[in-house]
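Me: I have a structure here that I would like to discuss. Could we go through it together?

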Amino acid sequence: MPEIKVTPLGAGQDVGRSCILVSIAGKNVMLDCGMHMGYNDDRRFPDFSYITQNGRLTDFLDCVIISHFHLDHCGALPYFSEMVGYDGPIYMTHPTKAICPILLEDYRKITVDKKGETNFFTSQMIKDCMKKVVAVHLHQTVQVDDELEIKAYYAGHVLGAAMFQIRVGSESVVYTGDYNMTPDRHLGAAWIDKCRPDLLISESTYATTIRDSKRCRERDFLKKVHETVERGGKVLIPVFALGRAQELCILLETFWERMNLKAPIYFSMGLTEKANHYYKLFITWTNQKIRKTFVQRNMFEFKHIKAFDRAFADNPGPMVVFATPGMLHAGQSLQIFRKWAGNEKNMVIMPGYCVQGTVGHKILSGQRKLEMEGRQILEVKMQVEYMSFSAHADAKGIMQLIRQAEPRSVLLVHGEAKKMEFLKQKIEQEFHVNCYMPANGETTTLFTSPNIPVDISLGLLKRETAIGLVPDSKKPKLMHGTLIMKDNSFRLVSPEQALKELGLGEHQLRFTCRVHIQDPRKEHEMVLRVYNHLKGILKDYSVQHLPDGSIMVESILIQATAQSEDQGTKVLLVSWTYQDEELGSYLTSLLKKGLPPTTT
Amino acid sequence: MDRECAQLLPPVCAVLGDSRQLVADDTFLEKFLDWFKTLTETESSLHLLQENPCLTELITCVLKLKDPSSSTLSFILRLTGIFTASESCFQYLQQRELLNSLFGEEGPLSSALWEEASVRSGWVQGVHTMTQHQSAIHFLCNCGAIDVIFTLQGDPSLFVASAANRLLVHILTFSLQSFQTKPVNIKDCDWPICAQKLIPHLEESLKSSSASRIKQSLKLLTSVFGCCHDLWTEVLWSQLSEPITYLLENEPFNAGNSLVDLFLSMARSPVFSCPECSLWKSASYALEHLNPAQAGCLSAGILKLQECPQAVRMQALSVLLQPMDCVLKAASQPLEYPGLLNNSLSDSATIETLLSCRSSCASLLCQTLAHLEELLYLTYMPVNLPHIPLLKSVVTVLQFGTGLATPASSLGSKISRILIGCFRVQRSALDILGAFSHWESHSVFMGSVSDILLAYLKSPDTSPTVLKKSFQATLKWLVRLSEAPSSRDYWLQTEQFFRDLFLVLQKRLCSHCWEIRDSALEFLTLLVKHLREKEEFRQVLVSSEVPKFTEDLLEDPESYVRASAVLAMGQLSFLTHLNSKIPSTENGNGKEVKKKSIVAQLQEILVTDSEGFPRRAVISVFIDWLRDGHTDVLKDTEQFVSSVLQVVNCDLDWEVKAGGLELAEVFSAKTLGRVGLAGCPYVSVVSAATRSTQLNESLQIFYRVKLFEFLFGALCDCDRPVAQKACSILIALKAELCDENSLKEGLSAEHSFPEAHGIAWLEKTLRRWSSCAEPCPIGIANEAGSQNPNDILLVLRTIDLEGLNKSLNRSSDHIENSPQSLLQDILATVGTLEENEADCY
């Protein structure tokens with residue numbers, strides 16, 4: 001029995017680093033190759049030794065697919081390809097290929113700068129890794145090899161994020177990566193066709209959440225920023241270079257324009273241009289509104305948002321600054337935070353997740369006295385706000401995607417076990433499909449029904465179309481013919497052709513069934529009764545009473561003989577060919593019920 | 001444990017032991033365990049427990065919980081494991097009857113939580129850490145833990161199964177090592193009790209019908225033989241060889257890979273190296289009967305062994321060469337070429353079947369090529385590889401890949417159809433082709449190798465990754481050949497090759513694909529670096545269009561390519577004829593305008609390029625130029641260095657700044673060397689007066705270049721590597737410039753040995769310097785600002801460089817990563833979890 005095996009090395013019942021191994025029809029695919037930002041040692045990468053024990057990595061894996069540019073999905077890629085030694089193909093969308101190295105480089109610089117780590121991937125490794133990447137377009141079917149093909153679908157979430165369908169023959173798996181089922185200010189909603197995969201591997205970050213209205217969150221965010229600026233305070237928004245930052249920029253830009261605000265908004269130097277460049281380049285990946293207005297005005301060319309210079313942090317008066325990195329663990333955002341933390345008029349808004357050991361995490365957990373270098377204590381008087389702007393599908397969205405794709409089974413990853421458990425039950429109840437949630441290192445095996453491709457002869461196909469059946473790939477149709485299995489190939493041909501090809505003579509096989517009928521009358525009278533009975537019931541069929549006394553219903557022959565021992569019992573012989581099996585069986589069952597009583 | 005942590009620990013333990021309090025994520029607990037691992041390395045575990053009773057209370061408390069979370073229970077199991085690695089601590093907890101409740105039958109084993117992989121994993125890890133003394137071994141044997149581990153070998157979680165297997169290896173090797181007070185008697189081995197349980201289990205598993213049980217047991221044995229080379233391993237083998245031989249003879253395909261690993265692990269152990277050992281018989285049988293892929297792995301492993309019977313070695317070589325032999329024969333007529341193997345010895349039917357099937361052909365060839373490549377790189381090779389026919393077979397594979405080979409048989413036609421456009425095989429074949437450069441000569445290269453390389457470099461069908469491999473292979477051959485003594489004939493032939501190569505390179509430099517442009521530039525850079533001394537090479541290169549095309553790429557839209565173009569130009573500029581050949585362009589008035597020099601172009605990139613890669617590349621080129629005495633730099637080194645440092649000082653990319661510091665370091669070393677100040681142990685002692693003059697001269701140079709302004713500025717930089725590098729350069733300079741004598745000479749009495757200052761003082765001084773343009777006499781600097789060479793010397797003496805260096809050597813997040821910080825975070829997170837529920841990017 002063919003099987004699909006899924007083993008998460010990361011993202012199995014956690015929201016750490018995504019890395020899922022899928023084995024489908026003998027092909028091995030790695031879905032995402034993420035990094036855990038919460039660790040500073042080897043634990044930040046998935047444990048690849050479970051793959052290497054199967055021999056050489058490049059021989060074992062047929063390809064790696066990266067769903068989007070967030071580091072928890074691609075952060076371990078240069079390590080995997082340049083340090084562990086994977087030398088095969090890597091697939092991602094064009095925007096992901098363009099943006100991924102920027103984030104990897106940013107992270108590398110911070111890691112080396114902050115921690116002085118030497119055993120980390122280098123710039124050259126990031127570049128060499130990117131050279132192995134094959135970029136794909138949306139809805140383009142990419143042939144990885146003769147049997148394995150992949151196809152990308154739009155996932156929303158961040159620019160270039162994609163869901164991937166992996167297909168080998170008739171078996172297929174869809175991996176969603178992170179996705180968002182509601183459009184936002186710059187991206188559209190995830191979409192997939194009714195591809196009916198054997199398995200849908202879905203993220204489940206918000207498995208139990210029906211998220212509150214985005215508008216509310218946005219209003220709240222703008223209100224807080226506005227109030228702070230109005231009272232002369234400064235707002236710091238630590239962000240990662242690309243992604244949610246652009247969404248928030250559009251939000252603030254529009255608000256500033258509408259309210260005619262004058263306080264300056266800054267974005268970390270260098271990144272605005274880069275972001276602009278890529279958002280312009282990949283405008284087709286944004287939502288319809290942005291694409292439409294692009295002709296008149298590029299939404300990413302901001303009027304109010306300017307490049308930030310280090311010296312601006314000391315300027316008096318209100319301002320809003322987007323600075324990297326997003327967890328306040330190094331670089332510019334941390335520097336600005338140190339300067340502004342002491343003033344209660346100021347505010348820091350954390351728009352995303354922070355790992356333990358970062359200043360971002362500390363202030364979010366309410367710590368207000370932070371120890372800095374040299375035993376100095378930094379007193380945090382500024383306001384601290386947390387507002388999640390991460391774009392994941394909520395429980396409703398996940399159910400919607402399952403409804404769209406109609407998978408035969410579902411497997412949940414990238415979520416917490418308890419929440420997954422809840423969603424799993426919901427999915428199983430509503431869709432009557434199996435739902436799995438393996439932990440990291442656990443293998444889920446599901447069996448699939450194999451589809452064997454068969455070539456059909458032109459003659460047979462023409463015969464079918466002649467009776468008005470135009471072939472339609474979306475509507476399965478039952479075909480009758482003779483299956484010839486020869487030289488590792490399967491062909492369906494007409495029986496005549498099969499006989500000819502194989503040099504065989506034709507023999508007809510007829511099935512005959514004896515039906516006992518209690519009737520004391522003479523044979524020909526009884527046959528007449530049978531004829532009338534059938535004629536009355538089978539109005540749409542040709543029922544004939546033949547001169548030799550037998551009855552023909554289409555090709556089914558019914559003859560009567562007398563029972564030698566018992567004159568009161570007649571025997572009807574019902575005989576049909578294989579082709580008329582259905583009608584033959586029907587007639588037999590009909591006659592077995594007996595004849596209706598005669599009215600005298 | 002310090003006082004602060006000791007104070008924080010009780011409330012933290014209270015939180016961890018409270019099932020109502022959720023700990024945000026598992027990294028907290030992991031880091032907590034890391035901390036205790038470090039603590040128990042330096043402190044007595046027993047002392048830790050006695051001093052901090054909250055730890056024992058935590059264990060007790062979690063055990064009493066009705067419904068602990070799986071992560072907390074797993075954490076407690078691992079924490080207890082860390083403590084009980086010390087025997088005294090083990091006894092301490094045993095007396096409190098905690099160990100049975102954790103690792104024995106009464107523990108999690110019987111609870112519903114055992115269903116959770118994390119709990120089973122915690123249990124295995126805890127037991128593993130604990131098993132460092134005989135008391136633990138006895139405990140495990142008595143509490144039924146060994147049987148639990150046996151069950152866990154087949155756990156549905158790969159992590160747990162693998163950890164259980166490692167644990168069994170540890171238990172076996174540990175118990176035997178500590179038991180082995182006298183040499184093991186091979187004939188009548190008195191095994192310790194643990195081994196007495198384990199070995200029959202292994203035997204039984206090997207005989208079982210479950211493929212996974214067999215696999216786990218073979219893995220276990222592989223690890224045992226791999227990590228332990230004691231005599232008892234021979235006894236173990238003698239006990240288990242029978243079921244293993246049975247497996248080999250009856251289940252060669254299912255257990256094949258594991259058997260290969262086992263045999264190789266044994267073959268590497270000196271215990272089994274004797275030629276009479278039954279291992280070799282099994283290995284020989286395996287070579288014959290395993291499938292080609294498995295036999296290939298075994299062959300490659302055997303061929304790397306130093307000690308191995310020659311017959312087995314030769315058999316392994318035949319196995320490995322067989323696929324290549326088939327390929328070779330598939331492309332040549334019978335008798336045209338003898339092939340790699342003796343026909344009468346080899347049965348190639350299986351290999352031919354695999355090679356004629358699309359799905360297996362590429363895998364088999366890639367694997368074989370990879371094994372052979374590894375062998376080619378070995379410095380010690382116990383058998384002679386048939387290099388020439390092997391190389392011919394590799395070239396044939398590559399010819400099949402581009403449709404250049406003419407199939408000589410139906411197998412050939414099939415292989416040809418499969419390999420055309422098969423990038424995987426092409427990449428592997430090019431890798432090994434490069435490896436041949438270590439073995440082969442010029443004549444071989446000028447034969448088929450150069451042709452096939454050019455074919456791949458030229459072909460529009462070559463994928464970017466294959467092209468990169470083609471460049472790498474070409475480079476290896478060319479570098480290797482350039483090192484060999486050459487004849488006139490050689491250069492005549494090579495010249496034509498270079499002409500063809502540069503034509504291809506020109507085309508590749510114009511590719512629409514950035515990966516190709518970049519790989520071409522990287523290739524060019526390395527080629528010039530290695531061959532720039534060869535006159536013939538230089539002439540062909542300079543007369544080609546390659547330098548011009550490279551220069552154009554300095555303006556490439558892709559920053560990676562711009563950076564590579566910078567590096568390539570850096571190398572090209574060493575070719576002296578090139579500078580004189582800088583092309584002129586016509587301006588609008590039809591007048592010729594001399595194009596900017598390369599130095600000027602690179603300096604412009606350093607100032608204007610918005611991306612870090614090209615700027616970093618410029619700095620690295622400048623460092624090379626300064627180090628190697630590039631003519632353009634030598635014209636006015638001071639001006640060159642000064643202008644570069646000025647630009648770098650304003651760069652936001654810390655790696656550019658770090659590059660600038662390296663440039664400053666090279667410059668200062670060169671200057672000190674030139675004036676005779678560099679500390680060379682062989683230089684005769686110079687007089688105080690001469691030294692003073694030298695000191696003064698170098699100080700003046702540094703002053704003119706504004707070296708110290710740059711270094712002091714970098715020392716205040718917020719990017720740690722910049723400050724760190726600046727600090728180390730300043731320490732070195734201080735040692736050269738501020739010795740005791742010069743110190744006394746340079747300073748008046750009232751300024752001698754001022755108090756050591758930190759960064760704040762330095763920042764203040766630098767601000768004063770920059771705000772005051774007029775130079776002031778020494779001693780007034782502190783009050784009025786400004787600088788002169790003596791001011792610099794004063795600052796250099798005053799600043800506490802050693803202290804700064806010490807703090808800069810620590811990672812900048814050492815405070816956030818400290819145990820105090822972790823404990824504070826755990827406490828602070830309590831209650832905030834609902835608010836900031838798990839989120840991600």
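Me: Which strands does helix H11 of chain A lie across?
Reply: In this predicted model, helix H11 (residues 331–340) of chain A lies across E12, E15 and E16 of chain A. The helix runs at about 150 degrees to E12(A).

Me: What is the order of strands in the sheet?
Reply: The order is E14-E13-E15-E12-E16-E19 in chain A, an open sheet of six strands with parallel pairing.

Me: Which strands stand at the edges?
Reply: Strand E14 (305–307) and strand E19 (383–386) of chain A do. Each has a single partner strand, so one side of each lacks a neighbour in the sheet. On average, neighbouring strands of the sheet are turned by 25 degrees against each other, direction ignored.

Me: How many bridges join E12 to E15 in chain A?
Reply: Five bridges join strand E12 (residues 234–238) to strand E15 (residues 319–323) of chain A. Within this pair, Val235(A) stands opposite Val320(A).

Me: And what does helix H7 of chain A touch in the sheet?
Reply: Helix H7 (residues 214–230) of chain A packs on the sheet and touches E12, E15, strand E16 (347–350) and E19 of chain A. Its direction makes about 140 degrees with that of E12(A).

Me: A change of topic: where is His68(A) found?
Reply: His68(A) is in the loop between strand E4 (63–65) and helix H3 (71–74) of chain A.

Me: Buried or exposed?
Reply: His68(A) counts as buried, because its relative accessibility is 0%.

Me: What does the side chain of His68(A) contact through a polar contact?
Reply: The side chain of Ser67(A), at 3.0 Å. Leaving aside residues up to four places away in sequence, His68(A) also touches several others, including Asp32(A), His157(A) and Asp178(A).

Note on methods: Residues are numbered from 1 along each chain as its sequence is written. Chains are lettered from A and ligands numbered from 1 in the order in which they are written. This is a predicted model: local features need pLDDT of at least 70, side-chain atom pairs count only at pLDDT 80 or more; totals for chains, interfaces and linings use all residues. Side-chain values use heavy atoms; hydrogens and water are left out. Helices (H or I, at least four residues) and strands (E, at least two) are DSSP runs, numbered from the N terminus. Buried means under 20% relative accessible area, exposed over 50%, partly exposed in between (1.4 Å probe, protein chains only). A polar contact is a pair of N or O atoms within 3.5 Å; within protein, one must be able to donate a hydrogen and the other to accept it, and residues adjacent in sequence count only if both atoms are side-chain atoms. Contact means heavy atoms within 4.5 Å. Two strands pair if DSSP finds at least two bridges between them. Axes are lines fitted to C-alpha atoms, for helices over the stretch in contact, and angles run from 0 to 180 degrees between N-to-C directions.
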